[in-house]
Amino acid sequence: EVPLGTALWRGARNRCPVCGEGRVFQGYLRVVPECSHCHAPLGTLRADDAPPYFTIFLVGHLLRPPNHYLKRAYQHAKGIHIG
């Protein structure tokens, strides 16, 4: 048994929650079937909404304000609109 806090910390760093060595994700959304180090079954873990949430957070909260500012600061002529 691994303490919950340790398992969550390891998972947040893309490490196996059991041993802390192998990777959990093979790509952005694909979970590896088992740990490459301790062979713990990780294929049953689900990413659920975490990857899309973090993507939306990064794009929406960190990149959108500078984009909005630049769009307002360098406005085109009234007859031209670029999405």
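Which residues form a nonpolar patch on the surface? They are Tyr53, Phe54, Phe57, Leu58, Val59, Leu62 and Leu63. The close-ups below come from a predicted model, in which local features need pLDDT of at least 70, side-chain atom pairs count only at pLDDT 80 or more, and totals for chains, interfaces and linings use all residues. Residues are numbered from 1 along each chain as its sequence is written, and side-chain values use heavy atoms, leaving out hydrogens and water.

**View A. The nonpolar surface patch.** Together the patch residues have about 710 Å² of accessible area (Shrake-Rupley method, 1.4 Å probe, with only the protein chains shown counting as cover for residues). Patch members have over 30% relative accessible area and no salt bridge; nonpolar side chains (Val, Leu, Ile, Met, Phe, Trp, Tyr) are joined within 5 Å, like charges within 9 Å. A salt bridge is a side-chain nitrogen of Lys or Arg within 4 Å of a carboxyl oxygen of Asp or Glu. Phe57 lies in helix H2, residues 50-73 (helices are DSSP runs of H or I, at least four residues, numbered from the N terminus).

**View B. Asn14 and His39 in the loop between H1 and H2.** Asn14 has a phi near 60°, a positive value, and His39 also has a positive phi, of about 60°. Most residues other than glycine have a negative phi.

**View C. Contacts of Cys16.** Leaving aside neighbours within four places in sequence, Cys16 is in contact (heavy atoms within 4.5 Å) with Arg10, Glu21, Gly22, Val24, Cys35, Cys38, Ala40 and Leu42.

Methods: Helices (H or I, at least four residues) and strands (E, at least two) are DSSP runs, numbered from the N terminus.
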